[in-house]
Amino acid sequence: MKSTILLTLVCFMFFSCEHSVKSEQKENESKQLGSNDEFPFLIPEGKPNRALSKAVERNYDAYESIRPEQNELYTQFKYTKLKGFDYNGGDGTITRRDPSKVIFENGKYYVWYTGRKTKYKAVGMARAKEATDEIPSSDWDLADIWYATSEDGFTWEEQGIAVKRPPKPQPGWRSVTTTDILKWKGKYYLYFQAFMEASGLRGDFCPVSVAYADSPDGPWTHTGKLVIPNGPEGSWDQYSIHDPYPLVHDGKIYLYYKGDFDKRPELKPSKIRMQGLAVAEDPLGPFEKHPLNPVINSGHETTLFPFKKGVAAIVQRDGQEHNTIQYAEDWVNFDIASITELLPVAAGPYVPDAFTDTNDGRGVTWGISHIINAGGDWKNNHTILLRFDCDLSQDIHDDDMKHHHYNYSPEFHYEHSLTSKQKERIGRENEKLIKK
Ligand code: AAL
């Protein structure tokens, strides 16, 4: 009898205890979910334990934080005109484009870029057959690599040519362009697109070569080497290796580059651009292309920087994932970290830890980018350099860089007007409706 009473008592205590734990849990849950099981007004910090739409689930799983302003890899971009560069009244005979990353040496900032100062303006890639030794085809044809220095990043002093076109038939004899800098064991290396034909004749075809120097001020020695050669016939980078961009990681040189491929004249644009990775233990190679190439499925020019343990990429125009900032902890497998707008084109950021082989990349806050057709008239096509600022840094927290939209003026919208072909199509659609 006694034992039956005891058992009943124990069972009662167990069930009532379980009941109170469960009701406490439920109370907490409903506190979190709000009344009527609605998604709460105050977004839970951690992923709530309830069914979520795919989109909300992504907010928790795919991004560093649930709001962009707390996401270290979210930013807006601000732009400033640079002082110190002349463009011959914008007549198309002077161009400066595709800046390298910026580095700080000898008490000043350095940037290298494609410089074209030609007697004649470029005829355009479509008319490449008209190009001569004096008439450039594209905006980057018949160019050399120039450099400039600055003490504040806003006013620049052009120092002259760093790497000249070498004599024929050395790689780059036609044009040396789109360079980027590596500092490795006390020496400096400039990787560049080495054109051996006027761009536009068959496409924008070139491999990558490299020059080196003991000082960022040169003198630069051409290696004459195709340090990143084009891929084998039929491969994605068989024709173009563009925008070489070296960083140091894991005691090696991680060089990212762009390839343009999948040319389909029936489509507009007829090509797709993606980015690949080549790794070397020595700046002069051999570079081994990563077996998973391409590793970034979008973007045009390459812009990357060490971030935390991994590497981040500014993926601007072109491709499925344009207008995103991406991150790869293993330096190979990139995910979208944020989506933003008005990204700097061909950005060369100031990356203080580009060559320190860091395991805690601090990020970037400014750099130099370019604007093509700066005068708004393709007949005088030329490109200008400008400064961008942003907050993609672990060290600054600038709320004014974290807004979620720009206010574009009515004029800006109307500049993106319908073509006459589109207007005709709309007219036909209206007529069809009216006749019904
Ligand atoms: C760019 C870069 C490469 C291309 C051309 C000049 O902005 O992607 O350099 O070859 O356009």
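Predicted model: local features only at pLDDT ≥ 70, side-chain atom pairs only at ≥ 80, totals over all residues.
Residues are numbered from 1 along each chain as its sequence is written, and side-chain values use heavy atoms, with hydrogens and water left out.

Let us begin with the spaces themselves. On a 1 Å grid over the protein atoms alone, a cavity is a set of points where a 1.4 Å probe fits but cannot get out, whereas a pocket is an open set with protein on both sides within 12 Å along at least five of seven lines; lining residues have an atom within 4 Å of a point. Grid points are joined across faces, edges and corners, and a volume is the space filled by probe spheres set on the points. For the classes, Ala, Val, Leu, Ile, Met, Phe, Trp, Tyr, Cys and Pro count as nonpolar, Asp, Glu, Lys and Arg as charged, and the others, Gly among them, as polar.

| Space | Volume | Lining by class |
|---|---|---|
| Largest pocket | about 880 Å³ | nine nonpolar, 11 polar, 15 charged |
| Second largest pocket | about 350 Å³ | nine nonpolar, two polar, no charged |
| Largest cavity | about 90 Å³ | five nonpolar, three polar, four charged |

The largest pocket has 35 lining residues, and those nearest its centre are Arg97, Met125, Trp140, Ile372 and Trp378. At least two lining residues come from each of strand E11 (242-249), strand E12 (252-261) and strand E20 (361-371); strands (E, at least two residues) are DSSP runs, numbered from the N terminus.

The ligand sits in this largest pocket, as more than half of its atoms lie within 2 Å of the pocket's grid points. Around the ligand (a heavy atom within 4 Å) are Arg97, Asp98, Trp140, Thr178, Gln193, Asp204, His242, Asp243, Lys258, His300, Glu301 and His370. By class, this shell has one nonpolar, five polar and six charged residues.

For Glu301 the distance is 2.4 Å, for Thr178 it is 2.7 Å, and for Arg97 it is 3.2 Å. Of the 280 Å² of accessible area that the ligand has on its own, the protein covers 97%, by the Shrake-Rupley method with a 1.4 Å probe.

The second largest pocket is lined by residues including Tyr79, Leu342, Leu343, Pro344, Phe412 and His416. His370 also belongs to this lining, and His370 is one of the residues around the ligand.

Next comes the largest cavity, whose lining includes Pro99, Thr179, Asp180, Tyr245 and Ala346. Asp98, Thr178, Asp243 and Glu301 line the cavity too, and these four residues are also among those surrounding the ligand. Strand E7 (175-184) and E11 each supply at least two residues of the cavity lining.

A few backbone details are worth a look as well. Lys268 and Pro269 are joined by a cis peptide bond with omega of about -5°, and Pro269 lies in the loop between E12 and strand E13 (272-280). Asp262 is found in the loop between E12 and E13 too; although not a glycine, Asp262 has a positive phi of about 60°. Another cis peptide bond joins Asn293 and Pro294, with omega of about -10°, and Pro294 is in the loop between strand E14 (288-289) and strand E15 (304-308).

Notes: Polar contact = N/O pair within 3.5 Å; in protein donor to acceptor, adjacent residues only side chain to side chain. Helix = DSSP H or I, 4+ residues; strand = E, 2+ residues; numbered from the N terminus.
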